[in-house]
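Student: I would like to learn how to read a protein model. May we go through one together, feature by feature?

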Amino acid sequence: MLTTEQRAHALENSVWGLAATLAVAAMLVIGPHRLAALYPQVMVGGIAYVAFIFIYDVRMYWSRWLADQASGHKHLSIPEGATPR
């Protein structure tokens, strides 16, 4: 956020998406018999979250970064970004 470089946001959201993917995979290994009451909701929610992160969020930040690159946007340094405006 301090540097206004969107590529970092894309990377961060990719990590969140990977973590969610691993959580969904772990739920598949655990199986429905361990968490019978919550299993369907957790699986649907987890899959929806992973899809949202990779289909919408990561692509959005990557597109913003590409647009910044094409327009010659100058990113701030960390001290510049930390200075109140």
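Student: Which residues does Y39 touch, not counting residues up to four places away in sequence?

Tutor: A contact means heavy atoms within 4.5 Å. By that criterion, Y39 touches M27, L28, G31 and P32. Before we continue, please note that this is a predicted model, in which local features need pLDDT of at least 70, side-chain atom pairs count only at pLDDT 80 or more, and totals for chains, interfaces and linings use all residues. Residues are numbered from 1 along each chain as its sequence is written, and side-chain values use heavy atoms, with hydrogens and water left out.

Student: What is the mean pLDDT of the chain?

Tutor: The term pLDDT denotes the predictor's confidence in each residue, from 0 to 100. For the chain the mean is 88, and 98% of the residues reach 70 or more. Confidence is highest in helix 2 (residues 39-71), at a mean of 93, and lowest in helix 3 (residues 78-82), at 77.

Student: How many helices and strands does the chain have?

Tutor: Both are DSSP runs numbered from the N terminus: helices are H or I with at least four residues, and strands are E with at least two. Here there are three helices and zero strands, in the order α-α-α from the N terminus on. The chain is more spread out than a compact globule, because its radius of gyration is 18 Å, well over the 12 Å that the globule rule gives for 85 residues. That radius is taken over C-alpha atoms, and the rule is 2.2 Å times the number of residues to the power 0.38. Along the principal axes, the C-alpha atoms fill a box of roughly 55 × 25 × 20 Å.

Student: Is Y39 buried or exposed?

Tutor: Buried means under 20% relative accessible area, exposed means over 50%, and partly exposed lies in between (1.4 Å probe, protein chains only). Y39, which lies in helix 2, has a relative accessible area of 13% and is therefore buried. Of the 85 residues of the chain, 25% count as buried.

Student: What do G46 and A51 count as?

Tutor: G46 belongs to helix 2 and counts as buried, since its relative accessibility is 14%. A51 is also found in helix 2, but its 30% relative accessibility makes it partly exposed.
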